[in-house]
There are 2 protein chains.
Amino acid sequence: MFPSHPFSPLPQRRLNRRDWLAVCGALLTAGAATGLAGSLAGCAAPPARGTEDLGVVIGRENGTLTLVDSTTRTALGAVEGLGDLSHASVVFSRDGLFAYVFGRDGGLTQVNLLAGRIVRRVMQAGNSIGGAISDDGALIVAQNYTPGGIKVFDAHTLELLADVPTFYGPAGANQQRSRVVGLVDLPGRRFAYSLFDADAIWITDCSDIKNPQTQKFERVGHQPYDGLVTPDGRYYIAGLFGEDGMALIDLWTQPLTVRRILNGYGKGEQRLPVYKMPHLRGWAVAGRRAWFPAVGQHEVLVADTQSWALAGRVPVAGQPIFVIARPAAPQVWCTFAVPDYGHVQVIDTQSQRVIKTLEPGHAVLHMEFTPRGDTVWVSCRDDNAVRVIDTQNFETLTSIKAPSPSGVFFTTRATRIGF
Amino acid sequence: MFPSHPFSPLPQRRLNRRDWLAVCGALLTAGAATGLAGSLAGCAAPPARGTEDLGVVIGRENGTLTLVDSTTRTALGAVEGLGDLSHASVVFSRDGLFAYVFGRDGGLTQVNLLAGRIVRRVMQAGNSIGGAISDDGALIVAQNYTPGGIKVFDAHTLELLADVPTFYGPAGANQQRSRVVGLVDLPGRRFAYSLFDADAIWITDCSDIKNPQTQKFERVGHQPYDGLVTPDGRYYIAGLFGEDGMALIDLWTQPLTVRRILNGYGKGEQRLPVYKMPHLRGWAVAGRRAWFPAVGQHEVLVADTQSWALAGRVPVAGQPIFVIARPAAPQVWCTFAVPDYGHVQVIDTQSQRVIKTLEPGHAVLHMEFTPRGDTVWVSCRDDNAVRVIDTQNFETLTSIKAPSPSGVFFTTRATRIGF
């Protein structure tokens, strides 16, 4: 019904001036007739509004997306029927019109944010853990647990374009497929990801989508559990669950090799039971330092991004989950695992100290900064609310109702590598 | 006619679910009736399309904006009547719907990109050199030559909210106003800018817009001619025309002080006549290095961002104008002043060498990367064309007609500090 997707491979007619004037005339007529009124309510025609300040909030329990506007700081509506969103992630089309939601149940759903409805939905796996979108916006990739591997889809049609199963071990009929974690986009329609069961990192080049090429790095370390690419696109880093350290690839140095960094960063510490695996995708790189959550410890760790040696440890209020840099400011904000997830802490990156402890609500599961960092949106699951906090004075500006919210995702993620 | 601007100070009614369903119904009806068809042509209703992939091209000679779509890589239409665009710059509303165009003649024009028309236009000065938008999108600020100073406008209404004249020198009736250059936004509705005639840098805090507060730094160096803030928001740097060096403020260290960096970076060199002042706003910060154009020399300079000492000089094909980092890649791209402005050069930041020289067209005046760097858009004035180049293989993908194009600006600038 909306065959207007920008990634259409069909040649598009160039508009001439007369076309454009016709559109303007129609717009003015519609505008005058309906009094397009600052919100979507009451219009008789689709609202001609911007999409760069839109976002979605995952409704964990009921498979619902809440659509939000980060300028007016309001909810615009909800979209139902997205399946199991107990561990969901979202990427956006480069025009900010479509969200692609990866559900835990293997569902991949394309949502039109202006229409407020599902455009397409495919069940692409039995158990999935997230996805990515290519730098040019043309390809959607899902990272799957069951069956293990990645699948590549046309962003327009959700047609399956490529399937890369993650077989590992000795060749033969009994070969297993590894679960895939830590999927990120790289420039040139490439994708890097980690194989939890195979102790491997793969990089797949989809520039020729009929013939994807995969470069494989084996024995990178035991059980990579998540990964990220640094904002400058230089380093792919996988966290290791099975040992004390991380695996790093310098993507700017050929030939590509894997090296181990931060070995034994938890050595000598008493291990606590791990309540929830931290997320690496939100790793903060602030200036020359990278900030990341220590697994199972009440610490945020600091690494020097030149030597990749440990450069600091900051004691915090619980087991850190998300450690995210506030844009354009010397601050890192941190959320926590149960039982400490009523807190959010703010670390000053210059003094490496906690400068503020907030209690924005009950069961804080995620937070997302607006692009230039004037506000941060904090999902408080047990309050059925997302709190919008002014980063200048830490005051809560408003609270938005959302059922059992977990992830908050703004469309401007489409502008960033690794998101 | 479009009273729907997101920055309205009026309280907005929260949509309830019934509202939303009504909108969806209307959308579906409209969609079915008009067959919204992938382009703006032929619709009977405003197109519900994304704005995050839109952009504008300045038509230098005829005061016209060409509207472009960076996904389909096409022109969508043109907007006329913007006055003198011989030195124009553009900022965008945070929803990507509006462009604010600062013309050389002091005109400030708000353009609705979906409607393809001017919404508001004010003549706010006699001679203006650009502007900025606050981190929250609420304030538009113009930097003016005549009369010297900055003016702050409501982004919704273009109502004048504050006027900060740049008087300098001994108090009295004969006090002069300095021309303002190098205006950038900082977090918390603050703006930094340089006073060319007063050898000063000022930082104005507009968080209380009825009572803006200005912090003044005097004797920063002779004739600051442009400025920038680094992408992390940490450093404000002004280039000096009247001497060999730059002025830097570390915005993360209180109290704020100005220090001189890169003194004598051109010492001992034979000075060439300066054909055009380079632009600093596009300064490339890639990893630990900052890349910037040497004034009047055929060199791109490299500074270490920790010590701010000169760390390298790269010989290039002419006097550099724009030196811009390709997103997520170890490359810096460079344009040149007349007579060498038929070239664009690509520098590898690891080897600090030119690895590619392109000849995309005649009179290259500007270039803009898409947010994740898959393409770069190069304006070729004397060809009346913008060339879209694939950054992976340096091939020209398409050429877009635009009259006498200079600046190319994408709406995703709204997500970046200092743009």
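I began with burial and found both B:W333 and B:F394 buried, the term meaning under 20% relative accessible area, with exposed over 50% and partly exposed in between (1.4 Å probe, protein chains only).

The model is predicted: local features need pLDDT of at least 70 and side-chain atom pairs pLDDT 80 or more, while totals for chains, interfaces and linings use all residues. Residues are numbered from 1 along each chain as its sequence is written, chains are lettered from A and ligands numbered from 1 in the order written, and side-chain values use heavy atoms, without hydrogens and water.

I then looked up ring pairs of Phe, Tyr and Trp (six-membered ring for Trp; centres within 6.5 Å; planes under 30 degrees apart stacked, over 60 edge-to-face, the rest tilted). The count over all chains is 12 aromatic pairs. One of them, A:W333 with A:F369, is edge-to-face, at 5.6 Å centre to centre and 90 degrees between the planes. A:W333 is in strand β27 (residues 331-336) and A:F369 in strand β30 (residues 364-369) of chain A, so the pair ties together parts 36 residues apart in sequence; strands are DSSP runs (E, at least two residues), numbered from the N terminus.

I noted a relative accessibility of 0% for A:W333, which counts as buried. A:F369 is buried too, at 10%.

Last, I checked charges over rings (NZ of Lys or CZ of Arg within 6 Å of the ring centre and within 35 degrees of the ring normal). The charged end of A:R416 sits over the ring of A:F419, 3.9 Å from its centre.

Note on methods: Helices (H or I, at least four residues) and strands (E, at least two) are DSSP runs, numbered from the N terminus.
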